[in-house]
Amino acid sequence: MDFIRQLQIFVTVAEMGSFTRAAESLHMARPGVTKAISELEKNVGVRLLQRTTRRTNLTGEGEALYTKATQLLRDVDVTQNLFGGSKERPSGRLRIDIPVALAKSMVIPALPGFRSLYPDISVILGVNDQPIDLIAKSVDCVLRLGQLTASSMIGRQIATIKMVVCASPEYLARKGPPRSIEALNEHLTINYFAGQKHTPLAWFFKRNQKIEEILLPSSLMANDAEAVVACALNHMGLIQVPGILVAEELHQGALVQVLEEFSGIELPLSIMYPNRQYLAPQVRTFINWVIDITDAQKGPWIR
């Protein structure tokens, strides 16, 4: 038996004042506790405990070792849990990166529950629609919407997000709602772009059981999902965005969905994290939590 384990057993016996109670607390057989104490006394070369029929007391040397041992065991525990705490009580820094649409509508409203469950985890939340170097920025895990590109990170799909095409009632009253995909070329479209090249992202439609990818001319482009929605709310054109981002605006009538018969597109929602053999407890905890809240929110927009 290693020396640290012997010290753990010794401290338990000292605090319980009984070999029998210590064995019960440690889920060990009493002879195993007795053997561990005997080996420890042999290792340190002194008698540590005075045994009587009613009580086990520390000797003077035992009291000195007890003081040192408790401090040593605390240090061992802190060192073991330095990078994320124990599985039972995860702690430490957690850096995550989430697209605007998912942060606002899905993750941030649920974060108080996460903080309540895991108060020892310090969350650094990046809300970002732009691609970042996850390794260089030391990001622990990210949520991504859409098809994943090749990466050294592990990608795990956890749901799909339904996309919608919509505009303000004022815009539709002025321009008229599009009746076909081809009619979009006669409309003002607000496109989202990512990266340095300002290339707009394609719009996706489902027609005759096939997915169509269309690049539309931009009347305006933005690199932030909420900015795209704000432009639509200000009657500047049509947008295609995740339904969860505009669910409230659609419900209140501030935005109106169009081309519903072609808009049944669902993009994959994935969580990505480093390919590490030993995933820190706080990272694993967050991954499991995100999967749970995603499952709980599944409905018209999340499947």
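How many Å apart do the C-alpha centres of domain 1 and domain 2 lie? In this predicted model, the separation is 56 Å. Domain 1 covers residues 3-81, and domain 2 covers residues 91-302.

The largest nonpolar core contains 30 residues. Leu143, Leu269, Phe286 and Trp289 have the most contacts inside this core. Several elements each supply at least two of its residues: strands β3 (92-98), β5 (141-145), β6 (154-167) and β13 (266-273), together with helices α5 (100-107), α6 (111-117) and α10 (281-296). Helix α10 gives the most, with 7 residues.

Individual contacts show how these elements meet. Phe286 touches Leu94, Ile96, Phe114 and Cys141, leaving aside residues up to four places away in sequence. Leu111 belongs to helix α6. Its relative accessible area is 13%. Leu111 is therefore buried, as the limit is under 20%. With residues up to four places away in sequence again left out, Leu111 touches Leu125 and Trp289. Leu111 and Trp289 are 178 residues apart along the chain, yet 9.9 Å separates their C-alpha atoms.

Helix α5 is also set well inside the model. Of its 8 residues, 6 are buried, so the helix is largely enclosed by the rest of the structure. The buried residues are Val100, Ala101, Leu102, Ala103, Met106 and Val107.

Phe3, Val44, Val46 and Leu72 make a nonpolar surface patch of about 280 Å². Phe3 is part of helix α1 (residues 3-16). Phe3 counts as partly exposed because its relative accessibility is 39%, between the limits of 20% and 50%.

Charged pairs were examined next. The count comes to 8 salt bridges. One of them joins Glu41 and Arg51, with the closest N and O atoms 3.7 Å apart. Glu41 lies in helix α3 (residues 30-44) and Arg51 in strand β1 (residues 49-51), so this pair ties together parts that are 10 residues apart in sequence. Glu41 is buried at 10% relative accessibility, whereas Arg51 is partly exposed at 33%.

Two further bridges involve strand β3. In the bridge between Arg93 and Asp140, the closest N and O atoms are 3.6 Å apart. Arg93 sits in β3 and Asp140 in the loop between β4 (121-127) and β5, so the bridge ties together parts 47 residues apart in sequence. Arg93 is partly exposed, with a relative accessible area of 38%. Asp140 is buried, with a relative accessible area of 8%.

The side chains of Asp97 and Arg144 also meet in a salt bridge, at 3.1 Å from N to O. This pair links distant parts of the chain, with Asp97 in strand β3 and Arg144 in strand β5, 47 residues apart. Asp97 has a relative accessible area of 4% and is buried. Arg144, at 18% relative accessibility, also counts as buried. Elsewhere, a network of salt bridges links Glu182, Arg207 and Glu212.

Backbone geometry was considered last. Most residues other than glycine have a negative phi. His235 has a positive phi, near 65°, and is not a glycine. His235 lies in the loop between α8 (225-233) and β11 (239-242). With 29% relative accessibility, His235 counts as partly exposed. Leu259 is not a glycine either, and its phi is positive at about 50°. Leu259 is located in the loop between β12 (256-258) and β13. Leu259 is buried, with a relative accessible area of 4%.

Terms used. Residues numbered from 1 in each chain as written. Predicted model: local features only at pLDDT ≥ 70, side-chain atom pairs only at ≥ 80, totals over all residues. Heavy atoms only, no water. Core = buried A, V, L, I, M, F, W, Y, C linked by side-chain atoms within 4.5 Å. Buried < 20%, exposed > 50% of the residue type's maximum accessible area, 1.4 Å probe, protein only. Helix = DSSP H or I, 4+ residues; strand = E, 2+ residues; numbered from the N terminus. Contact = heavy atoms within 4.5 Å. Patch = residues over 30% accessible without salt bridge, like charges linked within 9 Å, V, L, I, M, F, W, Y side chains within 5 Å. Areas by Shrake-Rupley, 256 points an atom, 1.4 Å probe, with all protein chains shown as cover. Salt bridge = Lys/Arg side-chain N within 4 Å of Asp/Glu carboxyl O. Domains from an automatic or database assignment.
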